[in-house]
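Subject: Structure handover

Dear colleague,

Here is the structure you were waiting for. Please open it alongside this message, as the notes below go through it piece by piece.

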Amino acid sequence: MRVARPTLHFSLLFLFAAATFAAEPSARVRSDPPVIVSSWDDLLDGVRTRDDWRAHRQTLQQRYLELIRDDRKPAKPPLDLQVHETVVVEGIYRRLLVSYGVEQDERAHAYLGIPLKREGTAPGIVALHGTTAQGKEQTAGLSGDPDKAWLDQLCRRDYAVIAPDHFVAGHRIPAEGAYDTTRFYQRHPEWTAVGKFTYEHAIAIDVLQSLPEVDPQRIGALGHSLGGHGMRP
């Protein structure tokens, strides 16, 4: 004997339960987000007027210099710029995977984008990625969030762009994992990670200025999150 399945009754019961649940106010208890405490929370303490700022900015500048510790950075090695891969993107720009020297026995990797249909030399941009293990891959539009593919977006607007890896991301992830700076501090105990990546970003500017396609007097920078933190004034 065949028994009819109670499909209609089950559906009505499901709809009734769903409507009842939706009508009841949520009993979920929401908590406030944790307070993030930083050693820079006092940046604008006491600043109320333009004169306050003029007096205070010297203090902030000194604190920043103490953070990056330029006196601990190594001498720049020869760039020794090498091209490892070249791709033409939709006939609009040439994207190169490059490496160059940043310390005597250490090389950085970056994507470099050069517009093909420019008139004269192009303005240059150093585009710095946020805290993503993919590093320059996202900035070049090869992975991750397409809204942060600044190399691709800017090359299409006739800028020459270099998108370097942070020194513990992308091509340079250490064995301990992305953004682990243990080995860096073992090698440079008196320096800082902030000083290291701002120093390397300055070398990325050197790369742009070495290119005949780039106007060396028109160089800018942009960055998101960690990348914004790594732009030195």
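This is a predicted model: local features need pLDDT of at least 70, side-chain atom pairs count only at pLDDT 80 or more; totals for chains, interfaces and linings use all residues.

Strands

Strand β1 (residues 82–89) pairs with β2 in the antiparallel sense, over seven bridges. Within this pairing, Thr86 stands opposite Leu96 of β2. The hairpin of β1 and β2 has three residues between the strands, and Glu90 takes a positive phi near 55 degrees there.

On to the next pairing: β2 and β3 run antiparallel and are joined by 10 bridges. They also form a hairpin, with two residues between them. Strand β2 (residues 93–103) is mostly covered, as 10 of its 11 residues are buried.

In soluble globular proteins, nonpolar side chains tend to be buried together. The largest nonpolar core here has 30 residues, and Tyr100, Leu112, Ile162 and Leu208 touch the most other members. Two or more residues each come from α2 (50–68), β2, β3, β4 (122–128), β5 (160–164) and α6 (193–209). Helix α6 gives the largest share, eight residues.

Leaving aside neighbours within four places in sequence, Ile162 is in contact with Tyr100, Ala110, Tyr111, Leu112, Ile125, Val126, Ala127, Ala204, Val207 and Leu208. Another core, of 13 residues, lies apart from the largest one; Val89, Tyr111, Leu151 and Cys155 are among its members.

Two single residues

His109 is in strand β3 (residues 106–115) and stands opposite Ser99. Is His109 buried or exposed? His109 counts as buried because its relative accessible area is 17%, and the cut-off for buried is under 20%. Beyond its neighbours within four places in sequence, His109 is in contact with Val98, Ser99, Lys136, Pro164, Asp165, His171 and Arg172.

Ile219 belongs to strand β6 (residues 214–223). With a relative accessible area of 27%, Ile219 is partly exposed. Not counting residues up to four places away in sequence, Ile219 touches Gly124, Ile205, Leu208, Gln209 and Val214. One of these, Leu208, is also among the residues that touch the most other members of the largest nonpolar core. Ile219 and Tyr159 are 60 residues apart in sequence, and their C-alpha atoms are 9.8 Å apart in space.

Regards

Methods
Residues are numbered from 1 along each chain as its sequence is written. Side-chain values use heavy atoms; hydrogens and water are left out. Helices (H or I, at least four residues) and strands (E, at least two) are DSSP runs, numbered from the N terminus. Buried means under 20% relative accessible area, exposed over 50%, partly exposed in between (1.4 Å probe, protein chains only). Contact means heavy atoms within 4.5 Å. Two strands pair if DSSP finds at least two bridges between them. A nonpolar core is a set of buried Ala, Val, Leu, Ile, Met, Phe, Trp, Tyr and Cys residues joined through side-chain atoms within 4.5 Å.
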